[in-house]
Amino acid sequence: TKTQNFCRNEYNLTGLCNRSSCPLANSQYATVREEKGRCYLYMKTIERAAFPRRLWERVLLSKNYEKALEEIDENLIYWPRFIRHKCKQRFTKITQYLIRIRKLTLKRQRKLVPLRRKIERRENRREEKALIAAQLDNAIEKELLERLKQDTYGDIYNFPIHAFDKALQQQDAESESESDAEREEEEDDDEDVDKREFVEAEDSELSDFEDMDKLETSSEEEQEEEEEVEKKASHSKSKGKTPLKGPARRKRPYIEIEYEEETEPSTKTKAA
Amino acid sequence: AGDGSGPVPGDGTDPPAPERVLFPPTFSVSEIKNKQRRHFMFLRWKQQQRKEKLALKKKRRKEREALGDKAPPKAIPKTIENQRVYDETTVDPNDEEVAFDEATDEFAPYFNRQTVPKILITTSDRPRGRTVRFCEQLATVIPNSHVYYRRGLALKRIIPQCIARDFTDLIVINEDRKIPNGLVLSHLPDGPTAHFRMSSVRLRKEIKRKGKEPTEHVPEVILNNFTTRLGHSIGRMFAALFPHDPQFVGRQVATFHNQRDYIFFRFHRYIFKSEKKVGIQELGPRFTLKLRSLQKGTFDSKFGEYEWIHKRREMDTSRRKFHL
């Protein structure tokens, strides 16, 4: 295949380096170029060959495609066919790409943000160190055990007998030391509960609270069935986490009443 | 030869180093020109240093035991978490202002159980294989979520449509060179928008010793270490992604752990072996996030009101200062 060179002259019509399309080799030449979205027809005639400053004559073409083609025709009347044809072709191409530019600017454009290598490296290193410091597995296990101790899972897991006993002992000790007034104060804030969840891992977390709500019902179920008032007391104050049970406790009177009604008929039937 | 004392290894068998090696005062290991000898001397010097250190430790321990109860308390090693610059926006558990704010902010309906979360997960234009798979896996982890592909749609137009269809949250995963590297989390009915930088994304097949697929049960949520006001709001954003009532039958837990401003996400299945031991098995994808900016309204890069932007020059000056 025959290869062709590109012409580096900015006034070239076709872009290839040929004898017929070289602006330097032809004394009568024309091009179409665009500037800032407007197309111009540039013409060079032999009469102005001695005046380099006035060599290229510029004509603004209309924005209307057909009209512009007519203008090219009338400006390049009596000019060689080749130049006229190529000018019109070039003009067509230019209008097409201008249309595409305008369409693209309306769409979302991808903004390229350069990364800074030093900063990327620094952040990666810090992330690794943070990962090591986090000890995720331990933290998660601790948190889950905490929740188990806090009875968020209710009756699902059967073993926490030791935990119950321990909790009982601790809470008995607490109940002797705590006064009712304290408890009432802690019942106050509903929102107190929400906040507490986001503090350090040692405190209970959000779903703790959600589970608490749901859980109060299930734990009370147990209580009623087992008929242990002690347990009720112990559940009501987990060590130091009473605020959590605040709102639930407020709701508790309603729930208690419900369950009492439920169990009564059963006992009645049993008796009968 | 001015080697100092000690046998020179010429025969391959080194006699054991003497208890106390005496070097003449002007001797330095690095001055020996012969590499083998220098190496040998250096090893001997190292051994001696180690012995001295061990002896010092033993002595200290004996002293401590000898003192018994009167011994000074053990020194706590300094960690970055210990030395953290105290942040004035740290949330105090009993803070009423914070409590009031949280009762009235955009997440209040979620926490009052009026709304059920419904999530829309999407990507930037033309997602590549890794991102697509990551989106799918994320959709299995978060219950009640849907993945939709973005075929050149503008976010500003998607958002009103989402609100009309009752979505509560929008997640956009930004992709660069075929890997996901950014996450935009937006709470929909006019809620805050958080933009994160996402790194070290591991898909399920890349995690070692992983379990089976995550099931459809609603997982529990663990949020660790979100202490400041900013951390608090971000934590609530994450919590609002998951439905309120976890199904304990599923035994799945999603963890967002904040450490030094990096939020690590993990998804595990746990099992209680006894009341003191729990085993966890990682399923599900994992990734880390770093907060870049928090906007008050929904996603709007030009006119949005930014609540917090990470400014590198101002905020990265101290190694002990963290914002979340």
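Start by selecting Cys39(A): leaving out residues up to four places away in sequence, this residue touches Arg33(A), Glu34(A), Val59(A), Leu60(A), Leu61(A), Phe91(A), Ile94(A) and Leu98(A), where contact means heavy atoms within 4.5 Å. You're looking at a predicted model, where local features need pLDDT of at least 70, side-chain atom pairs count only at pLDDT 80 or more, and totals for chains, interfaces and linings use all residues; side-chain values use heavy atoms, with hydrogens and water left out. To find your way, residues are numbered from 1 along each chain as its sequence is written, while chains are lettered from A and ligands numbered from 1 in the order in which they are written.

Stay on Cys39(A). The residue lies in strand β2 (residues 38-44) of chain A; helices (H or I, at least four residues) and strands (E, at least two) are DSSP runs, numbered from the N terminus. Its relative accessibility is 7%, so Cys39(A) counts as buried (under 20% relative accessible area, with a 1.4 Å probe and protein chains only).

Now hop to chain B and select strand β5, residues 193-202. Here 7 of the 10 residues are buried, so the strand is largely enclosed by the rest of the structure.

Click Val184(B) and you'll find its bridge partner, His195(B), in β5(B). In the turn of this hairpin, Asp190(B) has a positive phi of about 65°.

Last stop: β10(B), residues 286-295, joined to β5(B) by 8 bridges and also antiparallel. Look for Arg202(B) opposite Arg286(B).

Technical notes. Buried means under 20% relative accessible area, exposed over 50%, partly exposed in between (1.4 Å probe, protein chains only). Two strands pair if DSSP finds at least two bridges between them.
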